Amino acid sequence: MMETTYQKPSAQGYYGKFGGAYIPEMLHRNVEELQSRYLDIMSDAAFQKEFRALLKDYVGRPTPLFYAKRLSKQFNTNIWLKREDLCHTGAHKINNTVGQILLAERLGKKRIIAETGAGQHGVATATVCALKGVECIVYMGEKDIERQAPNVARMKMLGAKVVPATSGSKTLKDATNEAIRDWINNPNDTHYIIGSVVGPHPYPDMVAKFQSVISEEMRWQLKEHTGTDLPTHVMACVGGGSNAAGAFYHFLDELSVQLIAVEAAGHGVNSGMSAATTQLGKPGILHGSKSLLMQTADGQVVEPHSISAGLDYPGIGPMHANLFDSGRGIFLSATDEEALAAAFEVSKLEGIIPALETAHAFAVLHNHPFKTDDQVIICLSGRGDKDLATYMNHL
Amino acid sequence: MSRIKDLFERKSNRVLNVYCTAGYPQLNSTLDVMKALQDNGADLIELGMPYSDPLADGPVIQHSSTIALANGMTIETLFAQLKDARKEINVPIILMGYMNPVLQYGFERFCKEAAAVGVDGLILPDLPEYEFETEYGAIIKANGLDFIFLVTPETSEERIKKLDSLSTGFLYAVSSSSTTGSDKNMTDVNAYLQKLKAMQLNNPVLVGFGIKDKQTFDTACAHANGAIIGTAYIKALEGTNNVAATTKAFLEGVLK
């Protein structure tokens, strides 16, 4: 058995107790193909060259690591912002879709499917499909299509077909179900670009690896600025957990670095309207992996709530479940109100309007004390343009 | 000998397994459905345990699960309903469902109680073979339950052999790459079923997905030991106020 670390899952895709590939036989061939080939493809020199070139020239990497002077003063510590909001399409999601479209090309797949909640991953997928001239179908909950009209328009303009998920709660969870069903029905020509570190093995590891460029850059950038490549803390918001996985990745086995994940508490962890999976979830299986899952006593999946559609997911990636379970990660939460207040605070103090998802990470600065000589990196995962309709109601 | 094995020793052709979601159309219709199926020629009964996120199922079975859950169906309720089922039901009973509700119930407790109420076998499509071999298979076996794996037209010959060796009762041959109830015609189903037949597997083979009437049932039975009907029966039950009459008419249409 392969040794596992916080970073590296077992051969079967387990991080501690969490992970695996709980899939019906109809998906076996495609998932097995990915399992057996993703590491070889990703470590291939030509692949890496093309991936790195696109990250640089198309996505706009490296993204800056910015010392947030006024925010640092406000909280009497040192706060660095990793500017993923400056990526093409406005969020970190594109790091993964660039990687997966290149992988799909090498697997000979001609058709791309994806799920999306707020629409950021859908836009990032539609973008790389346009870049490569590949057919793109995005599943999106019927309710989210109504709530996120601008991103639906962007996807359509980019040439993607947006298919409403009308089953169940008609949100991200159900869009993911529909995408998986599409993959079952199209086993030969289709690659499924999952947007987060969820799904059956190898997706959690594969997506984390594509997003790990975030922490790779953090290390050398922090060293350039301060002379040391290890911060004291790295903070990120967590829904499924892709920006957090990328921000934590190269620090996972550096035990001096505290990893702080911030979940969406919605109206409050115990309000019945929350998405704080580690606080409310129990071990369970959803979308092909065993992780922590918000569910009823009978094992039916519960619909979460968050003001930010990107954190509105009843599960969490198995890597994060293991960080929580083992105590390696610190899991905090912020309510809708706290996130909104933080979005306005960061906008005014630093001239950066963050996405509502990202605002959750900033919100906990108020109740998690830092020392004056701490070096805290916050992953600023996305920009707030998509959330203007919500922000406008609170001006 | 298990009831399923016994069935296939007596009957090796045109074996009919019919699926129905437990608690559908009404919470308490489970036993009426089972009786009607047995009385009208079903050789096995597959009861679906409803789940909020049934990945392998198409819209019809999904919808029946949503209704069953809204009716209040749980594993606990199902076991209570099945407590006296064996007084009237002689055909093998299989429980089909997804792993999460079973895990929450407690896997070992689930197997024990299933066996205690007279369940014969399990189909859990998202229980992978690795976890079956390392963790769950022994518990299933210790409770005397059969476990049925699925194979599809995409499953390699080597893997079919492996899944056959792990299965007891029968092997579930999915007719095409699809979710349940798809309209895909059973392309190349003959070649695929002939391949399975030529492999001389340990288990009898029942064909499922896309079997909806006499014609598709006959096609499946030409090369396999029988077939499984789900979606078409759920559709027939929708809105009925007479489960017995609806089931009789439906099965007559398939078996005549």
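Tyr233(B) is buried, at a relative accessible area of 0%, where buried means under 20% relative accessible area, exposed over 50% and partly exposed in between (1.4 Å probe, protein chains only). This is a predicted model, in which local features need pLDDT of at least 70, side-chain atom pairs count only at pLDDT 80 or more, and totals for chains, interfaces and linings use all residues. Residues are numbered from 1 along each chain as its sequence is written, chains are lettered from A and ligands numbered from 1 in the order in which they are written, and side-chain values use heavy atoms, with hydrogens and water left out.

Phe250(B) is also buried, with a relative accessible area of 14%. Tyr233(B) and Phe250(B) form a tilted aromatic pair, 5.5 Å centre to centre with 45 degrees between the planes. Rings of Phe, Tyr and Trp (its six-membered ring) pair if their centres lie within 6.5 Å; planes under 30 degrees apart count as stacked, over 60 as edge-to-face and the rest as tilted. Tyr233(B) belongs to helix α11 (residues 231-237) of chain B and Phe250(B) to helix α12 (residues 243-255) of chain B, 17 residues apart. Helices (H or I, at least four residues) and strands (E, at least two) are DSSP runs, numbered from the N terminus.

Over all chains, the structure holds 20 aromatic pairs. Phe79(B) and Tyr105(B) form one that is edge-to-face, with 5.6 Å centre to centre and 65 degrees between the planes. Because Phe79(B) lies in helix α4 (residues 75-82) of chain B and Tyr105(B) in helix α5 (residues 99-105) of chain B, this pair ties together parts that are 26 residues apart in sequence. Phe79(B) counts as buried at 4% relative accessibility, and Tyr105(B) at 10%. The charged end of Arg109(B) sits over the ring of Tyr105(B), 3.8 Å from its centre; the criterion is NZ of Lys or CZ of Arg within 6 Å of the ring centre and within 35 degrees of the ring normal. In chain A, ring pairs link Phe47(A), Phe51(A) and Phe210(A) into a cluster.

Next come the nonpolar cores, each a set of buried Ala, Val, Leu, Ile, Met, Phe, Trp, Tyr and Cys residues joined through side-chain atoms within 4.5 Å. The largest has 185 residues, of which Phe248(A), Leu95(B), Phe107(B), Phe110(B) and Phe170(B) touch the most other members. Domain 1 (21-55 + 93-207) and domain 2 (60-90 + 212-392) of chain A both give residues to this core, so it lies between them. Another core, of 22 residues, lies apart from it and includes Ala68(A), Val262(A), Leu365(A) and Phe370(A). The domain bounds come from an automatic or database domain assignment. The C-alpha centres of the two domains of chain A lie 22 Å apart, and 34 residues of domain 1 of chain A are in contact (heavy atoms within 4.5 Å) with 34 residues of domain 2 of chain A.

In chain B, nine strands form an open sheet with parallel pairing, in the order β5-β4-β3-β2-β1-β9-β8-β7-β6. Strands β5 (146-147) and β6 (150-151) of chain B stand at the edges with a single partner strand each, so one side of each is left without a neighbour in the sheet. Two strands pair if DSSP finds at least two bridges between them. Strand β8 (residues 205-208) of chain B is joined to strand β9 (residues 226-229) of chain B by two bridges, and Val207(B) has Ala227(B) as its bridge partner in β9(B).
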